[in-house]
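Here is a short tour of one protein chain for someone who likes cut-offs spelled out. Have the structure open beside you and follow along by topic.

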Amino acid sequence: MAPETELLSGDPVALAAELRALVPDPGSVREAVAEIIAGVRAGGDAALTAYTRRFDTGGAEPLALVVGVSELDGALEDLAPDVRRGLERAIENVGRVAAAGLADDRVVALDGGALDGAGLDGGAHARWEVALRGVPVERAAVYVPGGRAPYPSTVIMGVVTARVAEVATIAVCAPPGRDGDIHPVILAACRLAGASVVYRMGGAQAIAALAYGTESVAPVDVIVGPGNLYVQEAKLQVLGQVGIDGFAGPSDLVVIADATADPKLVALDLLAQGEHGPGTLVVGVSDDADLLTAVAGEMASSPDTGAIRRLVAVDSLDHALALAEAFAPEHLELLGPDAEALAPRVSRTGCLFVGAAGGSAFGDYIAGSNHVLPTGGAARFASALAPAHFRRRFTEVRIGDAAEALAREAAPVARAEGFELHARSMEARVRQNGSS
C-alpha cells in the first residue's frame, strides 16, 4: 500500500495534531488491567502462573518463573558469534554514552551578602552550603516485549543504563512463548548485559508482580521498558508504588529531506521504522514534490506491516521544522545538507539523526544512544531512558552561621503563610548560634 501524499496548509500545529490522530485509539484497558493487578497482589505466584498460562503459553504449563543461571549460560554459549559481537559492541557503546550522562555530586556555596552585625562580627557574610547528591535506586526492572520478535536490543538499553547508574539489583522480565520459555537470544543478552535475575513473565501481571512482589518476585523501585497497551497501562496504575520511565506507545518517525536526499534512503528508513507494526506512524516531509514522488514509488511495493505512512509536501524547510517541532517525534531524521542545517534549531524529539549516513535504525542497536524514547508527542517534556531514571537526587543543607541572616529574611515569609512555628523554628537557631 503506497503512502498518501498531503499538501501542508495552515498551522503546523494543526497538521501535527491531524497526523497524531491517524494512530487508532486502542480503547481503554484500564478495568482489565486493574483486575489483573489486583489478582497478582492477592494471589502471588499462583496468579502469575495462571495469567501466563492464559495469555502466553496457550494453556500449556509454564516453566519455572525464575530463569536459572545455567540456562542463561547455555543460551550465551549457543549464541551465533556474529550476533554476540554485535551485542557486545552495543553494550560497550550504550554504556559509554550512558556514563557521559551521569551527573556528578556537587556543592553549591551560597552567599547572602554583608550582614548588619546582629550576632556576627561586623562586615561578615552569611555563607552556607547546599550539596546536590545522587544515589541509585536499590532495585530496578526492565520489561522486554515478546510478541512479533525478540528484542535483545531492549535488554541492552535497559540493563546497561541501569548498571551504569549503579543499581544494585537489575531484574529483566519477558513473556514466554508457547513453549513456555523466553527466546534464547534474549536470555543470552541478559547474561552479556549483566542482569541480576530474569523472570519468565509478561503483560500487566508482570508489572504488578514487579511493583508489589510475590513469593518468587522481589518488588523493585523503578520499572522501565516498552510493551503493549496492557503493559503501559499497568505501569501507569502502579506509578507511585514504583517509578516508571513513561508511557511507551506506538513508535513514530519523521524524516525531513531536502531536494538532494536519496529517495531510496528516505523510503528505506520510513519502512524500517514501520517494521514495528500496527500503530507505528512514519512521516516523510520535504519541500521538493519530485523527491516525495520518488519516495512514494520506492515504497509502493513494500509489504503492509500495519504501520501508518504519510508523505507531506511543505512550502519550505522552515515549515518542515515547524511541523516536526509541533509533532515532537520519537525519532527525527534530517537528510540532505539544507535539512541537516536545521539541526541546531531542533528542540523537540526523542533522538535526532543528522546526515545520510545515519538512519534511525543505528540508534535502535549500536550507535550508543538509547532506543527507549518518548512516544506520542511526549518528546515535548520527556527524555530518552538515561541513568537519571534509575537515580534519585537529593540535597544536603549545612546552614552554619548563616542561620541568623536567613531567619531574619525567611521568618516574615513563614508568618505571611500562617506558619508561626516555621518562623519560630528558624529564629530558635539564631539564639542557639548566638549563645554558642
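**Helix H14 and its surroundings**

Helix H14 (residues 403–416) is built from 14 residues and spans 19 Å from its first C-alpha to its last, close to the 20 Å expected at 1.5 Å a residue. That expected span is 1.5 Å times one less than the number of residues in the helix. Helices (H or I, at least four residues) and strands (E, at least two) are DSSP runs, numbered from the N terminus. The model is predicted, with local features needing pLDDT of at least 70 and side-chain atom pairs counting only at pLDDT 80 or more, while totals for chains, interfaces and linings use all residues. Residues are numbered from 1 along each chain as its sequence is written, and side-chain values use heavy atoms, with hydrogens and water left out.

- H14 has a kink of about 30 degrees at alanine 410, shortly before proline 412; the bend at a residue is the angle between axes fitted to the seven residues ending there and the seven starting there.
- Buried residues in H14 are Ala403, Glu404, Ala405, Ala407, Ala411 and Ala414. Here buried means under 20% relative accessible area, exposed over 50%, and partly exposed in between (1.4 Å probe, protein chains only).
- After H14 comes glycine 418, with a positive phi near 85 degrees.

**Salt bridges**

- Side chains of opposite charge can pair when their charged atoms come close.
- The structure holds 19 salt bridges, each being a side-chain nitrogen of Lys or Arg within 4 Å of a carboxyl oxygen of Asp or Glu.
- One of them joins the side chains of arginine 20 and aspartate 252, at 3.1 Å from N to O. This pair links distant parts of the chain, with arginine 20 in helix H1 (residues 12–20) and aspartate 252 in strand S9 (residues 252–257), 232 residues apart.
- Arginine 20 counts as partly exposed because its relative accessibility is 21%, whereas aspartate 252 counts as buried at 1%.
- Another salt bridge pairs aspartate 245 with lysine 235, whose closest N and O atoms are 2.7 Å apart. Aspartate 245 lies in the loop between strand S8 (243–244) and S9, and lysine 235 in helix H8 (residues 229–238), 10 residues apart.
- Both aspartate 245 and lysine 235 are buried.
- Arginine 398 and glutamate 396 also form a salt bridge, with their closest N and O atoms 2.9 Å apart. Arginine 398 is exposed at a relative accessible area of 55%, while glutamate 396 counts as partly exposed at 24% relative accessibility.

**Aromatic rings and charges**

- How many aromatic pairs does a search of the whole structure find? The search finds 1 aromatic pair. Rings of Phe, Tyr and Trp (its six-membered ring) pair if their centres lie within 6.5 Å; planes under 30 degrees apart count as stacked, over 60 as edge-to-face and the rest as tilted.
- Tyrosine 51 and phenylalanine 55 are stacked because their ring centres are 6.0 Å apart and their planes are at 5 degrees.
- Both residues of this pair, tyrosine 51 and phenylalanine 55, lie in helix H2 (residues 30–55), 4 residues apart, about one turn of the helix.
- Tyrosine 51 counts as buried at 12% relative accessibility, and phenylalanine 55 is partly exposed with a relative accessible area of 41%.
- Arginine 20 returns here, with its charged end over the ring of phenylalanine 327, 3.7 Å from the ring centre. A charge sits over a ring if NZ of Lys or CZ of Arg is within 6 Å of the ring centre and within 35 degrees of the ring normal.
- Arginine 41 lies over the face of tyrosine 212, at 3.9 Å from the ring centre.

**Cysteines**

- The structure holds 0 disulfides, a disulfide being a pair of cysteine sulfur atoms within 2.5 Å.
- For cysteine 190, the nearest cysteine sulfur is that of cysteine 173, 9.7 Å away.
- Cysteine 190 counts as buried at 1% relative accessibility, and cysteine 351 is buried with a relative accessible area of 13%.

**Positive phi outside glycine**

- Glutamate 166 is a residue other than glycine with a positive phi, near 75 degrees. Glutamate 166 lies in the loop between helix H5 (152–164) and strand S5 (169–174), and is exposed with a relative accessible area of 55%.
- Alanine 328 is not a glycine either, yet has a positive phi of about 50 degrees. Alanine 328 is found in the loop between helix H11 (317–327) and strand S12 (331–335), and is buried with a relative accessible area of 0%.
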